[in-house]
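I opened this model to see how its chain is put together. These are my notes, in the order I looked things up.

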Amino acid sequence: MPNAEPPNTPHDATPAGEYNERHELAEAPPAPTPEPASASDTLPEPPALAARPLRQLALQGAATLLVVSLAWPWFGMRGETLPWPETAFAIGGAALLLATLTRQPWWWKLIHLAFVPLAWLGSQVPLAPGWFFLIFLLLLLIYRGTLTGQAPLFLSNEATALALAEITADRPNMRFVDLGAGLGSVILPLARVRPDARLTGVENAPLVWAIGRLRTWGKPRCRWQWGDLRQADLRQSDVVYAFLSPLPMPDLWKKVCAEMPAGSLFISNSFAVPDVPATTVVEVGDRRQTRLYCYQR
């Protein structure tokens, strides 16, 4: 999937191939670290996390109620049937307006605009109800992380994995954790070029996790872990890598600061930590124009 361009402007961009020669990561001052947080402050409370999707659902409900409450009496008094195609698109427009007024991110605006029209179009497809349930179940098995961690399924490419190998070349026997490891697109290439490393992939989308588990089966230094990234143990990690989205980055940074040891390295693909300058930024040089934001602890 294509990378979203992060809002932060990097302070320094380093081509991956020149990283080891310039040693910018070792020489740059460490990123500012917030004051130590207690265990209760490290991870967000479940209700707060659940509130974000629920707010979007409430916004969609408000748009539906607004349009239907106006359209139903109008067509009812005239003895006409409510025109559902036009109503569905009107609800999408109202949802877009509400999303704009509440300053939602651009991707939520698109979701609100398209949700009800696509639901109506889907209802016109001549399929048995069971097929719709199976499609929903399949999407849930693949994209569960979008609901629980607000991170879509972004797959890192091999060029990124090789860049990570270069960045971490000065860390022998490193303990590497990939949060949201997907299909193992980082763990497997790293296992080939860094046989000394101990690699852990953390994934919570059931079908994606199962595929990654099969792909890493029999790799002695690869550990494939089922779990939520918010609950992953980072205390023994030398390097933590994540390719998520802008939304979970502030909470993840709190967790990184509370758990990762001094001298460790946090790397975020494409999405910078808000208001925290990266120690260095590595440009992978692939077609995606991938940038790796590196934060020295």
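**Entry 1: the whole chain**

I began with the surface. The protein chain has an accessible surface of about 16000 Å², and 65% of that belongs to carbon and sulfur atoms. I note here that the model is predicted. I then looked up the secondary structure and found 11 helices and eight strands in the protein chain. The chain has 297 residues, of which 41% count as buried. I also looked up the contacts with a separation of 6 or more: 69% of them are between residues 24 or more positions apart.

I asked which way the side chains of strand 5 point. Val239 and Tyr241 point one way, Val240 and Ala242 point the other way, and all are buried.

Next I looked for the pairing partners. Strand 2 and strand 5 run parallel and are joined by four bridges. In this pairing I found leucine 179 opposite alanine 242 of strand 5. Strand 5 and strand 6 also run parallel, joined by four bridges. Alanine 242 has serine 268 as its bridge partner in strand 6.

**Entry 2: strand 8**

From strand 6, residues 265-269, I went on to strand 8, which pairs with strand 6 in the antiparallel sense over five bridges. Asparagine 269 is the residue opposite leucine 292 in strand 8. I found a further antiparallel pairing, of strand 8 with strand 7 (residues 280-283), over four bridges. There, threonine 280 stands opposite cysteine 294 of strand 8.

Is strand 8 enclosed or open? Strand 8 covers residues 291-296, and five of its six residues are buried, so the rest of the structure largely encloses it.

**Entry 3: aspartate 178**

I went back to strand 2, residues 175-179, where aspartate 178 lies. What is the nearest side chain of opposite charge to aspartate 178? It is arginine 215, at 10.0 Å. Aspartate 178 is buried and has no salt bridge. I listed what aspartate 178 touches, leaving out residues up to four places away in sequence: Val186, Ile187, Thr200, Gly201, Val202 and Tyr241.

**Entry 4: salt bridges**

I looked up how many salt bridges the structure holds, and the number is seven. I noted three of them in detail.

One joins arginine 175 and aspartate 238, with their closest N and O atoms 3.1 Å apart. This pair links distant parts of the chain, 63 residues apart: arginine 175 is in strand 2, and aspartate 238 is in the loop between strand 4 (222-226) and strand 5 (239-242). Arginine 175 counts as partly exposed because its relative accessibility is 28%. Aspartate 238 has 17%, so it counts as buried; the cut-off for buried is under 20%.

Another joins arginine 194 and aspartate 196, at 3.0 Å from N to O. Which of these two is buried and which is partly exposed? Arginine 194 counts as buried, at 8% relative accessibility. Aspartate 196 counts as partly exposed, at 23%.

The last one I noted joins lysine 255 and glutamate 259, at 2.7 Å from N to O. Lysine 255 and glutamate 259 are four residues apart in helix 11, so about one helical turn separates them. I wrote down the rule behind this: an α-helix has 3.6 residues a turn, so residues three or four places apart point the same way. Both lysine 255 and glutamate 259 are buried.

**Entry 5: helix 11**

I then checked the rest of helix 11. Helix 11 runs over residues 249-259 and is mostly covered, with eight of its 11 residues buried. Among the buried residues are Met249, Asp251, Leu252 and Trp253.

**Entry 6: a nonpolar patch**

Last, I returned to the surface. I found a nonpolar patch formed by Val125, Leu127, Trp131, Phe133, Leu134, Ile135 and Leu137, with about 650 Å² of accessible area together. Valine 125 sits in the loop between helix 6 (106-123) and helix 7 (129-148). Valine 125 has a relative accessible area of 38%, so I put it down as partly exposed.

Key:
Residues numbered from 1 in each chain as written. Predicted model: local features only at pLDDT ≥ 70, side-chain atom pairs only at ≥ 80, totals over all residues. Heavy atoms only, no water. Patch = residues over 30% accessible without salt bridge, like charges linked within 9 Å, V, L, I, M, F, W, Y side chains within 5 Å. Areas by Shrake-Rupley, 256 points an atom, 1.4 Å probe, with all protein chains shown as cover. Salt bridge = Lys/Arg side-chain N within 4 Å of Asp/Glu carboxyl O. Helix = DSSP H or I, 4+ residues; strand = E, 2+ residues; numbered from the N terminus. Buried < 20%, exposed > 50% of the residue type's maximum accessible area, 1.4 Å probe, protein only. Pairing = 2+ DSSP bridges. Lys, Arg positive; Asp, Glu negative; His and termini not counted. Contact = heavy atoms within 4.5 Å.
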